[in-house]
Amino acid sequence: MVRILGILVGIFFSGWLLVTFLVGAYTYVSSPPAATAEAEFHLHPKEVDWSFNGPLGHYDKRQLQRGFQVYSEVCSACHSLKLVAFRDLEALGYNEAEIKAIAKKRQIADIDPKTGEATTRPGLPADHFPLVYPNDTAARAANNNAIPPDQSLLAKSRHGGPDYIYSLLTGYRDQPAALLKQFPDAKTPTGLHYNPYFPNLNLAMAPPLTADGQVTYGPGNPKPTKDQMAKDVAAFLMWAAEPKLETRHNVGRAVVFFLLIASILSWLAYRSVWADKEH
Ligand code: HEC
């Protein structure tokens with residue numbers, strides 16, 4: 001009896017599932033969801049051949065230094081990097097004196113030890129990069145009502161990571177005529193900028209890299225074209241978000257090597273234990 005009841009309940013639920021699926025499929029086919037400009041014109045990030053791709057990948061320190069230069073001279077006007085300390089820049093190949101000099105150029109919020117009043121002082125290597133705006137309201141007020149996100153983890157928190165950052169920086173263009181023809185209401189609002197790599201196609205950031213040579217690279221470096229600067233700063237932001245990538249790769253290789261040796265040893269042990277047994 002219980003078994004029959006169980007079977008009936010099972011049939012009922014499977015039938016219900018089938019009916020809801022068929023109803024859903026019929027609704028989708030008879031009135032498919034309306035096309036949107038985002039769905040039609042959004043582009044996936046371009047794939048860049050980064051030095052840090054793949055299990056043997058490693059950061060190119062000179063590229064990271066160039067990227068840091070682009071960050072400092074361009075992006076840091078609006079974007080903070082609050083999880084990175086100046087002394088972390090040692091990983092980019094800067095020495096102690098250079099790091100002290102980099103830190104000293106930034107003003108850090110502090111308390112005056114004598115009066116207890118809020119004040120600022122030049123940065124020290126142990127300080128983190130300072131905030132650009134004191135709060136979100138100030139950030140919005142200065143940026144057409146949008147907040148420039150902190151860049152410490154940006155490369156890890158966006159789909160496509162450094163590919164996305166590079167594509168976004170080099171992806172600004174006029175809104176395609178085909179888009180306006182198909183979606184006349186989707187015109188880029190004033191104050192925003194069309195960029196097919198941004199999820200909703202229009203963003204509040206004006207193109208930050210506007211001319212080749214906007215930043216001057218030292219001798220022995222590639223030419224600072226817009227494309228090169230975009231690549232370098234994207235690589236630098238990848239390092240900021242994942243400074244331990246190389247350690248992780250090294251540990252991964254050591255583990256694979258260890259497992260390989262362990263497998264060979266256990267296979268040899270198996271052979272020797274069973275050597276004179278019939279099996
Ligand atoms: C004048 C201020 C300003 C400068 C300079 C600037 N940005 Fe932005 N950035 C913004 C604002 C504002 C937003 C938010 C846009 C939005 O949400 O519509 C933004 C957004 C972004 C995003 C998109 C984040 C997301 O949510 O997906 C990236 C990536 C980015 N900026 C990278 C950079 C890089 C790299 C530089 C330097 C080369 C830079 N920005 C320079 C103001 C700026």
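Guide: Start with the layout. Residues are numbered from 1 along each chain as its sequence is written. The model is predicted: local features need pLDDT of at least 70, side-chain atom pairs count only at pLDDT 80 or more, and totals for chains, interfaces and linings use all residues.

Now the helices (DSSP runs of H or I, at least four residues, numbered from the N terminus). Take α7, residues 161-170. This helix packs with α9 (residues 226-241) at about 150°, axes 9 Å apart. Axes are lines fitted to C-alpha atoms over the stretch in contact, and angles run from 0 to 180 degrees between N-to-C directions. The pair is therefore roughly antiparallel, a label for angles over 145 degrees. From α7, G161, P162, I165, Y166, L169 and T170 take part; from α9, K226, D227, A230, K231, A234, A235, L237 and M238. Contact here means C-beta atoms, placed from the backbone, within 7 Å. By class, this contact has nine nonpolar, two polar and three charged residues. Nonpolar covers Ala, Val, Leu, Ile, Met, Phe, Trp, Tyr, Cys and Pro; charged covers Asp, Glu, Lys and Arg; the others, Gly among them, are polar.

α9 also meets α3 (residues 61-73), with axes coming within 7 Å and crossing at roughly 100°. α3 and α9 are therefore roughly perpendicular, the term for 65 to 115 degrees. α3 brings Q63, L64, R66, G67, F68, V70 and Y71; α9 brings M229, D232, V233, A235, F236 and W239. That contact divides into nine nonpolar, two polar and two charged residues.

Back to α7. This helix gives the most to the ligand shell, three residues. The shell holds 21 residues, with C75, C78, P148, A204 and M205 the closest.

Definitions and conventions:
Near = placed C-beta within 6 Å. Helix = DSSP H or I, 4+ residues; strand = E, 2+ residues; numbered from the N terminus. Parallel < 35°, antiparallel > 145°, perpendicular 65-115°, else oblique. Contact = placed C-beta atoms within 7 Å.
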